[in-house]
Amino acid sequence: VTCQELIEFLDDYVSGNLAEASRNAFDAHLKTCPNCVNYLVSYQRTIEMSQKAFDASEEPVPETVPEDLIKAIIEARRKNPDS
Ligand SMILES: [Zn+2]
């Protein structure tokens with residue numbers, strides 16, 4: 001396994017889609033190649049970060065003043081401008 005091959009199949013390696021033989025070859029390469037280990041770590045960090053960003057977008061939107069309430073206030077002021 002070369003660095004080029006490892007990087008090409010890194011997605012499959014990380015997601016566990018790689019055949020066991022290939023996986024073992026990748027593991028063996030990672031033991032001898034700190035460059036690819038660094039690449040793998042930053043790759044996984046990128047995935048983690050994008051997943052966190054996705055989770056954040058799933059959270060409920062921050063509570064704001066309901067639009068109906070704003071409309072009601074505007075309407076009330078229009079009816080009673082002096083109040
Ligand atoms: Zn390498």
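Leu6 has a relative accessibility of 0% and therefore counts as buried, a term that here means under 20% relative accessible area, with exposed meaning over 50% and partly exposed in between (1.4 Å probe, protein chains only). The model is a predicted one, in which local features need pLDDT of at least 70 and side-chain atom pairs count only at pLDDT 80 or more, while totals for chains, interfaces and linings use all residues. Residues are numbered from 1 along each chain as its sequence is written, and side-chain values use heavy atoms, with hydrogens and water left out.

Leu6 lies in helix 1 (residues 3-8), where helices are DSSP runs of H or I with at least four residues, numbered from the N terminus. Setting aside neighbours within four places in sequence, Leu6 is in contact (heavy atoms within 4.5 Å) with Val1, Phe26, His29, Leu30 and Cys36. Leu6 and Phe26 stand 20 residues apart along the chain, and their C-alpha atoms are separated by 6.5 Å.

Leu6 also belongs to the largest nonpolar core, whose nine residues are Leu6, Leu10, Tyr13, Leu18, Phe26, Leu30, Cys33, Cys36 and Leu40; such a core is a set of buried Ala, Val, Leu, Ile, Met, Phe, Trp, Tyr and Cys residues joined through side-chain atoms within 4.5 Å. Two or more of these core residues come from each of helix 2 (10-15), helix 3 and helix 4 (34-58).

The zinc ion is held by the protein donors Cys3 (SG), His29 (NE2), Cys33 (SG) and Cys36 (SG), at 2.0 to 2.3 Å, donors being N, O and S atoms within 2.8 Å of the metal (3.2 Å for Na, K and Ca), with water not among the atoms, so sites may look incomplete. Along the chain these donors follow the spacing C-x25-H-x3-C-x2-C. The arrangement is tetrahedral because the four donor atoms subtend angles of 104 to 113° around the zinc ion, the criterion for four donors being that all angles lie between 85 and 135 degrees.

| Residue | Relative accessibility | Class |
|---|---|---|
| Cys33 | 10% | buried |
| Cys36 | 2% | buried |
| His29 | 11% | buried |

His29 is located in helix 3 (residues 20-32) and, apart from neighbours within four places in sequence, is in contact with Val1, Thr2, Cys3, Leu6 and Cys36. Across the whole structure, zero disulfides are found, a disulfide being a pair of cysteine sulfur atoms within 2.5 Å.

Note on methods: Tetrahedral: all angles 85-135°; square planar, octahedral: opposite > 155°, others 65-115°.
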